Amino acid sequence: MRNSLYKKNIISINDLKRDELELVLKKSAILKKKSAPDLLKNKIIASCFFEASTRTRLSFETAIYRLGASIIGFSDGNNISLSKKGETLADTISVISSYVDAIIIRHPQEGSARLAAEFSNNVPIFNAGDGSNQHPTQTLLDLFTIQETQNRLNNLNIAMVGDLKYGRTVHSLTQALAKYKKNKFFFISPDVLTMPNYINNMLLERGISYRRCQHIEEVISEIDILYMTRVQKERLESTEYANAKSKFILSTKSLKNARSNLKILHPLPRIDEIDHDVDYTPYAWYFKQAANGIYARQAILSLVLIENHF
Amino acid sequence: MQINKLQVEAIKCGSVIDHIPSQIGFKLLSLFRFTETEKRITIGLNLPSKKLGKKDIIKIENTFLSGDQINQLAIYSPCATVNYIDEYNLVGKIFPTLPRKIDRILICPNGNCISHNNCINSSFIFIKKPNNNMNLKCKYCEKEFSKNIVLS
Ligand SMILES: [Zn+2]
């Protein structure tokens with residue numbers, strides 16, 4: 001299989017074609033079975049976190065160590081001399097690109113990863129989250145987990161619950177799953193946090209069916225994947241929040257009619273939208289999903305940095 | 001052939017942007033940074049026009065606008081024409097067509113977009129929507145906006 005991801009920037013899930021997604025999933029599965037600590041030996045990777053995101057950073061850094069590469073970088077943009085001295089992102093990236101083989105960037109502003117790629121002198125950029133825009137490796141690990149648990153990425157019924165308006169993970173995952181045939185979506189959210197129109201329109205344009213629903217119980221018997229997200233308190237008025245809390249919290253009771261193959265996913269951190277009792281059901285898969293992040297990130301790093309390894 | 005000699009003084013050599021809807025002329029001057037040149041510029045505002053009722057006109061001496069610049073005019077004044085003048089003669093007449101992308105001149109409405117930082121040029125592509133609407137999509141933040149939101 002030709003590796004078209006070699007030397008590519010990984011900025012937006014929309015930049016990846018379907019066969020490229022498949023390449024990453026295949027590689028993730030291989031790396032999950034057999035670790036490859038020499039794969040990136042002698043490579044140096046910069047981990048540039050201009051805003052703190054401990055989970056994502058540790059996941060990337062673990063992936064890097066597991067491949068045998070070394071890391072330089074920083075974990076909080078506010079505390080580095082670069083930003084205190086007022087250097088532009090473009091200059092920072094230009095300098096760091098002369099030190100390393102790849103750059104992982106997390107930044108609070110949308111478009112920062114795309115910008116970084118313009119100043120990185122062909123050193124590949126990995127977007128680890130740019131504001132509310134993209135977080136492509138999260139989507140890759142979501143896809144990998146869905147494929148692993150359902151043995152397919154088409155012909156699935158997927159419910160997405162919570163903050164669908166601002167939740168970048170649900171936007172990207174919907175965009176990615178829309179590349180596959182016969183998937184059906186159920187969107188369950190407070191009225192003020194519904195899926196944005198550009199996503200709904202994209203689904204309509206591709207003839208993909210979606211339905212807005214009020215309760216998880218309404219659809220539980222039809223779905224293969226239940227993707228939960230957090231509703232942030234700040235996004236709702238207090239009465240709305242109280243109401244939303246009761247409606248969009250997953251308890252074991254809501255799982256009564258679930259299909260046996262149902263898996264519950266969540267990008268984490270969870271606050272209170274999934275009762276802890278649910279953790280002990282066979283449907284709970286969010287911690288395994290988080291663990292898969294390491295393999296998905298190992299896969300994408302090695303595919304971008306090495307041309308031939310199949 | 002001489003053009004508009006009576007309305008705004010003719011130029012010897014350069015570009016004349018004609019048939020700009022009135023009120024838009026000034027906007028074009030600043031958006032396209034025409035005023036940043038040392039070149040002599042004459043403008044006419046609210047001139048009578050058969051086509052538009054009222055129109056603006058901009059003449060820039062010793063400057064020939066690039067094809068890209070001309071096409072970018074199309075988003076603000078779709079019926080503008082650009083005339084190239086040499087030795088007071090009309091040597092070329094160009095009708096802008098909507099470009100596929102538009103760099104530098106627009107500002108992204110997303111306040112948290114990195115394109116607002118210094119030394120970055122904005123960049124949008126046009127996305128055709130059903131019922132003939134046009135959206136503009138920011139290359140950086142990947143957000144899509146209706147044309148009117150970006151242009152206002
Ligand atoms: Zn933008």
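Trainee: How many salt bridges does the rule find across the interface of chain B and chain A?

Mentor: Three salt bridges, in a model that is predicted.

Trainee: What makes the pair Arg114(A) and Glu142(B) a salt bridge?

Mentor: Their side chains meet at 3.3 Å, N to O. The cut-off is 4 Å between a side-chain nitrogen of Lys or Arg and a carboxyl oxygen of Asp or Glu. Arg114(A) supplies the N and Glu142(B) the O, so the pair qualifies.

Trainee: How many residue pairs are in polar contact across the interface of chain B and chain A?

Mentor: The rule finds ten, with both residues at pLDDT 80 or more. As for class, the side of chain B that touches chain A has four charged, three polar and six nonpolar residues.

Trainee: How many residues does each chain bring to the contact?

Mentor: Chain A brings 18 residues and chain B brings 13. They are counted because they have heavy atoms within 4.5 Å of the other chain.

Trainee: What area is buried between chain B and chain A?

Mentor: About 1300 Å². Carbon and sulfur atoms give 45% of that area. The value is summed over both chains, so it is not the loss of one side alone.

Trainee: Why is the void lined by Thr88(A) and Ile120(B), among others, called a cavity?

Mentor: It is called a cavity because a 1.4 Å probe fits there but cannot get out. The structure holds one cavity of 30 Å³ or more. The largest cavity has a volume of about 40 Å³.

Trainee: Which residues line the largest cavity?

Mentor: From chain A come Thr88(A), Leu89(A), Ala90(A) and Leu115(A). From chain B come Asn117(B), Asn118(B), Cys119(B) and Ile120(B). By class, the lining has five nonpolar, three polar and no charged residues. Cys119(B) is in the lining and Cys is classed as nonpolar, so Cys119(B) goes with the nonpolar residues.

Trainee: Where do the domains of chain A lie?

Mentor: Domain 1 covers 13–134 + 294–305, and domain 2 covers 137–290. Their C-alpha centres lie 27 Å apart.

Trainee: How do you know that domain 1 and domain 2 of chain A are in contact?

Mentor: 25 residues of domain 1 of chain A are in contact with 19 residues of domain 2 of chain A. The two bury about 1900 Å² between them, with 59% of it on carbon and sulfur atoms. On the domain 1 side, Ile13(A), Arg18(A) and Leu25(A) lose the most area to domain 2 of chain A, together 30% of what that side buries.

Trainee: What makes Lys32(A) and Glu148(A) a salt bridge?

Mentor: Their side chains meet at 2.6 Å, N to O.

Trainee: How is chain B divided?

Mentor: Into domain 1 (14–94) and domain 2 (101–151). Their centres are separated by 24 Å, taken over C-alpha atoms. Seven residues of domain 1 of chain B are in contact with nine of domain 2 of chain B. In domain 1 of chain B, the most area is lost to domain 2 of chain B by Arg33(B), Gln72(B) and Ile75(B), together 64% of what that side buries.

Trainee: What area do the domains of chain B bury between them?

Mentor: About 790 Å², 56% of it on carbon and sulfur atoms. The salt bridge count between them is zero. One residue pair is in polar contact, both at pLDDT 80 or more.

Technical notes. Residues numbered from 1 in each chain as written. Chains lettered and ligands numbered in written order. Predicted model: local features only at pLDDT ≥ 70, side-chain atom pairs only at ≥ 80, totals over all residues. Heavy atoms only, no water. Buried area = accessible area lost by both parts, 1.4 Å probe. Polar contact = N/O pair within 3.5 Å; in protein donor to acceptor, adjacent residues only side chain to side chain. 1 Å grid on protein atoms, 1.4 Å probe; cavity = no way out; pocket = protein on both sides within 12 Å on 5 of 7 lines; lining within 4 Å. Points joined across faces, edges and corners; volume = space filled by probe spheres on them. Domains from an automatic or database assignment.
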